[in-house]
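This report describes selected features of a protein model. Please consult the sequence and the structure shown below while reading.

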Amino acid sequence: MSPPSPPTRLRLGLRAGLIIFVLLLGFMPVLNLLPAAHPLHVSDFLVSITGKWICYAILSLSLDLAWGYAGILSLGHGAFFALGGYAMGMHLMRLIGPRGVYGHPVLPDFMVFLGYQELPWYWLGFDSFPFAMLMVLLVPGMLALVVGFLSFRSRITGVYLSILTQAMTFALMLAFFRNDMGLGGNNGFTDFKELLGFPLNTSGARAGLFYASLVALVLSFLICMRLTRSKYGRVLTAIRDAESRVRFLGYDTTSHKLFAFVLSAMLAGLAGALYVPQVGIINPGEFSPTNSIEAVIWVAVGGRGTLVGAVLGAFTVNGLKTWLTSAAPDLWLFVLGGLFVAVTLFLPKGLIGLMKGRKP
Amino acid sequence: MKHPLLAFLLLLALALPARAQDAISAALEGLGTGFNQTAEAVDRLGASGDPRALPLLRALNNGRLLRRADGTLLIRAEAGVTEALTGTPTEVAEATAVRLNNRVRVALRGALGRLQLLSPDQAERQAAAEAVFRSRSADNVPLLETALARETVPAIRARMALALAASRLMASNAADKLLGVTALGATASPEARAVLLEFRGANPDIAGQIDEAVAAIDQRLALRRAAETLFQGLSLGSVLLLAALGLAVTFGVMGVINMAHGEFVMLGAYTTFIVQEALRDIPALQPWSLPLAVPAAFLVTAACGAAMERGLIRHLYGRPLETLLMTFGVGMMIQQAVRLVFGAQNREIISPAWMQGTLMLPGDIAVTQNRLWILAFSLIVLGLTVAAIRFTRFGLEMRAVTQKRAIAASMGIRTGRVDALTFAFGSGIAGIAGVALSQIDNVSPNLGTGYIIDSFLVVVFGGVGSLAGTLVGAFGLGIINKMLEPWAGAVLAKVFVLVAVMLFIQRKPRGLFAQKGRAAEA
């Protein structure tokens with residue numbers, strides 16, 4: 001597989017398409033303010049679900065960085081996403097303050113319910129927004145650093161790494177389901193009240209989070225683009241295609257992969273953190289291995305190894321999912337499973353590959 | 001009466017019960033005439049060990065024993081009044097209830113316990129031993145000694161011995177007490193331990209011996225717990241082995257990663273359900289539905305495997321990551337199809353009678369039969385798999401293709417066919433695993449999802465391509481998991497095992513039984 005070098009015209013077209021798409025997205029919350037009867041009115045539902053998709057697109061981008069460019073097929077990105085979400089959830093829980101059902105000044109409801117006397121040490125500091133944001137990036141980043149360091153150092157690659165990351169996700173899911181983790185157990189966190197002083201559940205807050213996610217998407221895209229176009233990105237792609245050869249050329253493949261993996265995990269965490277206040281809940285179900293592998297199929301459908309493809313795939317598959325799960329709920333899993341089969345067998349380069357034609 | 005001998009024999013037959021009657025009549029002498037006489041009669045009855053005295057004493061205890069002026073004793077029951085010794089129905093006329101006072105009650109309690117300990121009814125003896133153990137009195141010692149000497153049922157003997165030892169603790173002389181302590185210390189019973197600890201406070205003079213006895217019990221209890229943990233570990237290991245064995249063939253030998261493996265296991269479980277339903281109307285075959293399900297499940301999942309390999313997987317050889325994603329999609333579709341056809345709820349599989357119940361191994365180690373069967377079954381399946389790979393033509397061709405495809409092909413082996421058969425073989429083993437798992441797990445569409453990660457861990461931990469590694473990996477992980485459970489809890493134990501395997505792969509990236517030589521280059 002050679003580094004992606006699509007014809008200039010296609011690349012220009014895609015870039016223009018992407019800019020137009022982002023601009024269109026940017027208008028959505030504005031159009032939401034129009035009266036409901038207006039033909040250009042965008043419903044609350046569409047705004048909030050598009051906000052979710054933008055977060056998914058960030059997750060998809062992060063996974064593409066790991067899989068499409070570094071060849072690390074991580075089945076654990078759902079876990080990084082959920083960890084970011086939990087960090088944000090902890091901040092939101094702290095902000096509820098005395099407004100919980102039990103009215104305790106400090107402890108969240110579930111802790112009062114479980115008989116906690118004081119906040120566990122790992123909850124300290126989460127009342128501060130900057131600290132929580134730091135944790136959103138650091139917790140997934142540290143986990144990726146440890147798992148990645150141990151794996152890449154022992155040259156665990158390919159499917160072994162995939163299974164390993166899936167096992168990690170599974171272990172985290174089991175752990176987060178426990179009540180004595182002090183993280184809400186089965187029910188997770190919900191009933192959030194405010195963020196940065198703005199009450200949630202208002203159209204203003206929804207628009208704010210929407211724009212924050214959009215900005216995060218654009219920034220992530222630009223970071224990934226800068227990175228993959230740099231010399232570092234070239235080496236990364238070379239590692240993906242022939243790791244031993246690159247290593248024999250004298251490159252430190254372990255640290256190259258590690259950097260990509262950690263950055264990718266941080267982006268996934270960021271996506272999770274933006275996702276949680278928009279959906280208003282985070283629970284251990286987010287760690288389900290299926291979520292991680294679904295993210296893989298977004299990248300595969302869009303076209304791995306191309307950043308536009310990752311974003312395109314996230315929107316396409318999730319759009320399809322939203323439509324099908326309401327139109328024909330029994331059919332959705334067949335379609336999703338079919339997508340896995342069809343993409344791997346017939347469309348190894350995804351939708352972008354389709355646009356380029358069979359041979360680049 | 002034509003024959004004098006016959007007449008004599010008949011007389012003898014009549015006379016024998018009459019003599020026994022006499023013995024009990026003698027014991028009954030004075031019962032009901034006064035409290036002291038009654039108490040003495042009760043004591044005599046208790047000492048007689050005559051089972052017929054039991055209903056009589058019970059009636060007395062319940063105030064249902066009546067006495068006529070002529071001394072005949074009657075028992076009043078729901079059905080009517082009968083004569084106490086002969087059981088013939090009679091009239092209640094002129095009879096008065098035999099009265100009790102405390103002395104009689106004490107005598108009664110002793111006599112009843114004594115007679116029950118000697119009762120011909122097993123359940124009664126068991127209950128009496130239980131009651132004597134709880135009441136614990138030195139007076140019971142001689143009685144228990146007699147009962148113990150007569151007892152033949154081992155379980156009741158054990159209870160009686162325990163009761164005897166506990167009763168000896170209450171004796172007044174130190175020698176008997178020590179005898180009791182020693183006897184209790186020789187058991188592995190938590191009850192004996194509790195009795196000893198309770199007794200320790202009142203007897204500081206022999207505290208040392210008591211502590212020794214408690215320590216001995218503790219040691220035996222710990223041993224038993226260890227044995228039970230070991231069995232649970234072996235049982236979990238056998239489940240892991242069954243689930244991982246098919247994967248050891250498809251992933252380990254062929255190098256094809258099949259994320260739909262868990263779904264094949266699930267299909268095997270559903271085949272068991274279908275076979276069971278199909279045989280529902282044939283009573284003769286019903287108990288054999290489980291053994292019959294084994295070949296059926298093998299064929300069903302092997303056919304699915306062969307279709308999947310020929311139709312899909314073979315186009316992706318050499319691209320493991322794509323194979324992983326594709327098979328995951330297939331698994332998702334199989335799961336959804338089963339959910340639509342059979343519904344999302346659990347399906348009930350009836351265990352055959354020979355698989356139910358619990359087996360007590362020496363040392364009071366409880367072992368559930370179905371787990372034991374699955375353990376044996378998993379080893380049989382492993383043996384057959386090894387035999388198929390080692391000793392059959394198919395196995396030979398399979399190893400040839402794995403080792404060097406091009407050479408194998410040039411020797412005339414149809415490699416495509418061998419690939420399909422190998423994959424079908426591995427998938428068929430998954431189906432067999434499903435039959436076994438249907439006995440201990442819920443048969444639902446997501447039965448397989450829980451096993452796939454564990455199976456991969458077993459294969460990777462044991463060493464890809466090595467069936468011996470899979471065996472050791474499965475039992476190793478199973479036992480480690482169950483050993484961790486008591487102090488970490490089931491969930492954390494699983495997490496620890498996952499982390500441990502991750503760390504283990506650091507040290508030995510190719511697993512416990514790493515392949516060497518040419519096969520290792522991949």
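This is a predicted model: local features need pLDDT of at least 70, side-chain atom pairs count only at pLDDT 80 or more; totals for chains, interfaces and linings use all residues.

Residues 372–391 of chain B are 100% helix and 0% strand, and the C-alpha atoms at the ends are 28 Å apart. Residues 452–480 of chain B are 86% helix and 0% strand, with end C-alpha atoms 19 Å apart.

Chain B is also divided into domain 1, covering 19–188, and domain 2, covering 238–448. Taken over C-alpha atoms, the centres of domain 1 and domain 2 of chain B are separated by 61 Å.

**A strand pair in chain B**

Strand 5 of chain B (residues 358–361) and strand 6 of chain B run antiparallel and are joined by 4 bridges. Within this pair, Thr358(B) has Thr368(B) of strand 6 as its bridge partner.

**The nonpolar cores**

Which residues touch the most other members of the largest nonpolar core? Among its 181 residues, these are Trp123(A), Phe189(A), Phe287(A), Ile297(A) and Leu324(B). Helix 2 of chain A contributes the most to this core, with 15 residues. Apart from its neighbours within four places in sequence, Leu324(B) is in contact with Leu73(A), Leu75(A), Val159(A), Ser162(A) and Ile293(A) of chain A, as well as with Ile257(B) and Met259(B) of chain B. A second, separate core has 32 residues, including Ile156(B), Leu162(B), Leu164(B) and Ile210(B).

**Helix 8 of chain A**

Helix 8 of chain A spans residues 231–241, and its buried residues are Tyr232(A), Gly233(A), Val235(A), Leu236(A), Thr237(A), Ile239(A) and Arg240(A). These buried residues pack against helix 2 (44–69), helix 7 (203–229), helix 9 (243–248) and helix 10 (253–279) of chain A. The side chain of Arg240(A) forms a polar contact of 3.0 Å with the side chain of Asp241(A).

| Residue | Location | Relative accessibility |
|---|---|---|
| Arg240(A) | helix 8 of chain A | 17% |
| Ser444(B) | loop between helix 17 and helix 18 of chain B | 8% |
| Ile24(B) | helix 1 of chain B | 3% |

Why does Arg240(A) count as buried? Arg240(A) counts as buried because its relative accessibility is 17%, and the cut-off for this class is under 20%.

The loop that holds Ser444(B) lies between helix 17 (415–437) and helix 18 (449–462) of chain B. The side chain of Ser444(B) makes a polar contact of 2.8 Å with that of Asn446(B). Leaving aside neighbours within four places in sequence, Ser444(B) is in contact with Met266(B), Tyr270(B), Ala344(B) and Asn346(B).

Ile24(B) belongs to helix 1 of chain B, which covers residues 4–28. Although Ile24(B) and Asp50(B) are 26 residues apart in sequence, their C-alpha atoms are 7.7 Å apart in space. With neighbours within four places in sequence again left aside, the contacts of Ile24(B) are Leu45(B), Asp50(B), Arg52(B), Ala53(B) and Leu85(B).

Note on methods: Residues are numbered from 1 along each chain as its sequence is written. Chains are lettered from A and ligands numbered from 1 in the order in which they are written. Side-chain values use heavy atoms; hydrogens and water are left out. Two strands pair if DSSP finds at least two bridges between them. Helices (H or I, at least four residues) and strands (E, at least two) are DSSP runs, numbered from the N terminus. Buried means under 20% relative accessible area, exposed over 50%, partly exposed in between (1.4 Å probe, protein chains only). Contact means heavy atoms within 4.5 Å. Domain bounds come from an automatic or database domain assignment. A nonpolar core is a set of buried Ala, Val, Leu, Ile, Met, Phe, Trp, Tyr and Cys residues joined through side-chain atoms within 4.5 Å. A polar contact is a pair of N or O atoms within 3.5 Å; within protein, one must be able to donate a hydrogen and the other to accept it, and residues adjacent in sequence count only if both atoms are side-chain atoms.
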